[in-house]
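Biologist: I'd like to walk through this model with you. Can we start in one of its loops?

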Amino acid sequence: TNGGISPTAQNNKKPQVSTSFAPTTLALAKLDAWLKETDEILTDAPFLASECQNTLMHQLGKVEDNYVINAIGSTVGIGAATYDGTTKTFADGILASILKVKEKYDASVIYLNPADIYSLLSAKDSNKQYYGGGYFTGAYGNGAVGIPSSIWGVPIYTSSEVSQGAALVAAREAVKTWRKGGMDVAIAAENEDDFLYNRVTLRAEVRLATAVVDLKGVVLLEQGNS
């Protein structure tokens with residue numbers, strides 16, 4: 001948004017604001033998967049049909065998540081933050097990234113590698129007490145045990161697509177994903193030689209595109225000179 005929203009005295013002209021966009025051609029990606037199963041099994045045990053379909057959709061959903069994360073992280077020009085690992089720790093760097101996003105938005109999610117989640121949760125103070133609470137109770141015996149779902153108050157999403165030692169902090173307003181037609185699941189028995197083997201082929205696919213629409217709403221944290 002260009003221009004400013006400001007207080008206006010009674011009987012004065014209201015300030016004008018406008019929205020500008022840079023035109024960009026964005027190609028849709030198609031994520032696909034398929035599997036084969038015998039039609040006897042699908043007939044004799046109908047629940048297997050839905051199980052196969054649910055498994056296929058779950059696997060495709062994970063690939064879709066990874067696609068979105070890669071699309072965000074590989075965007076040229078997004079915000080950057082670093083930590084040196086000593087005077088400025090990984091947790092410090094995450095906080096700096098959140099505040100960098102907060103200059104314009106509220107951070108909505110932090111993408112972290114599973115190994116870094118482990119490092120954060122297993123970190124202890126000088127008394128060997130877990131910062132995030134122990135495995136039987138909360139920190140110093142206070143509260144119930146539980147794996148934190150957020151850090152610095154921002155929800156965590158775990159993905160191996162994020163490099164170990166890095167973090168991706170994003171605001172939902174700055175990232176858009178467009179889907180064409182949702183997830184399509186189809187079953188066919190006339191594929192290749194399926195008919196000869198009493199088999200069916202299940203196929204699932206989704207068409208989508210992801211783009212960072214505001215570079216100030218995403219920050220990639222990496223270790224480096226701080």
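**A charge in a loop**

Modeller: D125 touches Y131 and Y140, leaving out residues up to four places away in sequence. Touching, or contact, means heavy atoms within 4.5 Å. One caution first: this is a predicted model, where local features need pLDDT of at least 70, side-chain atom pairs count only at pLDDT 80 or more, and totals for chains, interfaces and linings use all residues. Residues are numbered from 1 along each chain as its sequence is written, and side-chain values use heavy atoms, with hydrogens and water left out.

Biologist: Where is the place of D125?

Modeller: D125 sits in the loop between α4 (114–121) and β4 (150–151). Helices (H or I, at least four residues) and strands (E, at least two) are DSSP runs, numbered from the N terminus.

Biologist: Which side chain of opposite charge is nearest to D125?

Modeller: That is K128, 8.5 Å away. D125 is buried yet has no salt bridge. Buried means under 20% relative accessible area, exposed over 50%, and partly exposed in between (1.4 Å probe, protein chains only). A salt bridge is a side-chain nitrogen of Lys or Arg within 4 Å of a carboxyl oxygen of Asp or Glu. For charge, Lys and Arg count as positive and Asp and Glu as negative; His and the chain ends are not counted.

Biologist: What does the side chain of D125 reach?

Modeller: The backbone nitrogen of N127, at 2.8 Å. That is a polar contact: a pair of N or O atoms within 3.5 Å, where within protein one must be able to donate a hydrogen and the other to accept it, and residues adjacent in sequence count only if both atoms are side-chain atoms.

Biologist: And K128, is it buried or exposed?

Modeller: K128 is exposed, with a relative accessible area of 67%. K128 is in the loop between α4 and β4. Its phi is positive, about 65 degrees, although K128 is not a glycine.

Biologist: What about N11? Which segment is it in?

Modeller: N11 is in the segment before β1. N11 has a positive phi too, about 75 degrees, and is not a glycine. At 79% relative accessibility, N11 counts as exposed.

Biologist: New topic. How many salt bridges does the rule count?

Modeller: The count comes to 8. Side chains of opposite charge can pair when their charged atoms come close. One of the bridges joins E205 and K30, at 4.0 Å from N to O. E205 lies in strand β8 (residues 199–212) and K30 in strand β1 (residues 29–38), so this pair ties together parts that are 175 residues apart in sequence.

Biologist: What about D194 and K36? How do their side chains meet?

Modeller: In a salt bridge, 2.8 Å from N to O. This pair links distant parts of the chain: D194 is in helix α5 (residues 194–197) and K36 is in strand β1, 158 residues apart. D194 is buried, with a relative accessible area of 0%. K36 is partly exposed, at 24%.

Biologist: Let's look at a helix. What span should α3 have?

Modeller: Helix α3 (residues 90–101) has 12 residues, so at 1.5 Å a residue it should span 16 Å. The expected span is 1.5 Å times one less than the number of residues. The end C-alpha atoms of α3 are 17 Å apart, which agrees.

Biologist: Which residues in α3 are buried?

Modeller: F90, G93, I94, S97, I98 and V101 are buried. Seen down the axis of α3, the buried residues fall within an arc of 140 degrees, so they line one face of the helix. The arc is that of the directions from the helix axis to the C-beta atoms.

Biologist: Why would residues three or four places apart point the same way?

Modeller: An α-helix has 3.6 residues a turn, so residues three or four places apart point the same way.

Biologist: Last stop, α2. What is I69 in contact with?

Modeller: I69 is in contact with Y111, Y157, S159, E161, V162 and L168, leaving aside its neighbours within four places in sequence. I69 is in helix α2 (residues 46–73). At 4% relative accessibility, I69 counts as buried.

Biologist: And E64, buried or exposed?

Modeller: E64 is buried, with a relative accessible area of 8%. E64 is also found in helix α2. Its contacts, again leaving aside neighbours within four places in sequence, are L31, R179, V206 and L208.
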